Each structure stands twice: as C-alpha cells, then as structure tokens.
Amino acid sequence: MKNAGKQIKDVGTLLIVIGAVFALAVIYVLTFGDSSPLGYIIEKHFIFVTVGGLLCFLFGIIVRSKGRTKEDQANQQSK
C-alpha cells in the first residue's frame, strides 16, 4: 500500500481529464454545430453531458486532494 496515495491521485487526474473532454465536446458542439452522430448525442443529452462533466471536475479535484494528503502522510511515516 506504499503507492496508494499516488494511485488515488492518478484516479483524480483521470476524472479531471474526463471532465475536460466532456466540457470540450459541449463547447465544440455549441460553437460549430457539429452534425456528426457524436454531435447529435451531445445535443440530445446536453444537460447530462454538461452536469456530468462538471461533476467529473469536482470529484476529480476532491479525489486528487485526498490522494495527495494520503501520499504526504505515507512520506512522513517513512522518514
């Protein structure tokens, strides 16, 4: 369990990246009005994609913070 803090921090980073992808997809579809199947899905489920992206950002920040705290605690115990 030595790297548990780093692994938790990596999950937080992944959630932040997923939130960024959701946000960029929404911005792209709103700006350019993409008529591809992906654009259609984003337009059809706009609220879900927007709220999902924001929640991914929020949870990613929280999880990354918890992972950093756990990693710092592990580093202090090893000294």
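Helix 1 has 29 residues, and the distance from its first C-alpha to its last is 42 Å. That value is close to the 42 Å expected at 1.5 Å a residue, where the expected span is 1.5 Å times one less than the number of residues. Helices here are DSSP runs of H or I with at least four residues, strands are runs of E with at least two, and both are numbered from the N terminus. The model is a predicted one, in which local features need pLDDT of at least 70 and side-chain atom pairs count only at pLDDT 80 or more, while totals for chains, interfaces and linings use all residues. Residues are numbered from 1 along each chain as its sequence is written, and side-chain values use heavy atoms, with hydrogens and water left out.

**Overall form and confidence**

The chain contains 3 helices and 0 strands, in the order α-α-α along the sequence. Its radius of gyration is 17 Å, well over the 12 Å that the globule rule gives for 79 residues, so the chain is more spread out than a compact globule. The radius is taken over C-alpha atoms, and the rule is 2.2 Å times the number of residues to the power 0.38. Along the principal axes, the C-alpha atoms fill a box of roughly 55 × 15 × 15 Å.

The mean pLDDT of the chain is 88, and 97% of the residues score at least 70; pLDDT is the predictor's confidence in each residue, from 0 to 100. Among the elements, helix 1 has the highest mean pLDDT (91), and helix 2 (residues 37-44) has the lowest (85).

**Packing of the helices**

Of the 79 residues of the chain, 19% count as buried. Buried means under 20% relative accessible area, exposed over 50%, and partly exposed in between, with a 1.4 Å probe and protein chains only. The chain exposes about 6000 Å², of which carbon and sulfur atoms supply 68%; these areas come from the Shrake-Rupley method with a 1.4 Å probe, and for residues only the protein chains shown count as cover.

In helix 1, the buried residues are Ala4, Gly5, Lys9, Gly12, Gly19, Val26 and Val29. They pack against helix 2 and helix 3. Helix 3 (residues 46-78) has 33 residues and reaches 48 Å from its first C-alpha to its last, close to the 48 Å expected at 1.5 Å a residue. Its buried residues are Val49, Gly52, Gly53, Cys56, Gly60 and Gly67, and their cover includes helix 1 (4-32).

Contact means heavy atoms within 4.5 Å. Among the contacts in the chain with a separation of 6 or more, 79% are between residues 24 or more positions apart. Lys9, in helix 1, is buried at 17% relative accessibility. Not counting residues up to four places away in sequence, Lys9 touches Arg64, Gly67, Arg68 and Glu71. Of these contacts, Arg68 lies in helix 3 and is partly exposed, at 41% relative accessible area.

| Pair | Apart in sequence | C-alpha to C-alpha |
|---|---|---|
| Lys6 and Arg68 | 62 residues | 7.2 Å |
| Leu24 and Thr50 | 26 residues | 10.0 Å |
| Leu30 and Arg64 | 34 residues | 30 Å |

Leu24 is in helix 1 and is exposed, at 58% relative accessibility. Leu30 also lies in helix 1, and its relative accessibility of 58% makes it exposed.

The structure holds 1 aromatic pair. The ring centres of Tyr28 and Phe32 are 5.1 Å apart and the planes stand at 50 degrees, so the pair is tilted. Rings of Phe, Tyr and Trp (its six-membered ring) pair if their centres lie within 6.5 Å; planes under 30 degrees apart count as stacked, over 60 as edge-to-face and the rest as tilted. Tyr28 and Phe32 are 4 residues apart in helix 1, and therefore separated by about one helical turn. An α-helix has 3.6 residues a turn, so residues three or four places apart point the same way. Tyr28 is partly exposed, at 42% relative accessibility, whereas Phe32 is exposed, with a relative accessible area of 60%. Helix 1 is followed by Gly33, whose phi is positive, near 60 degrees.
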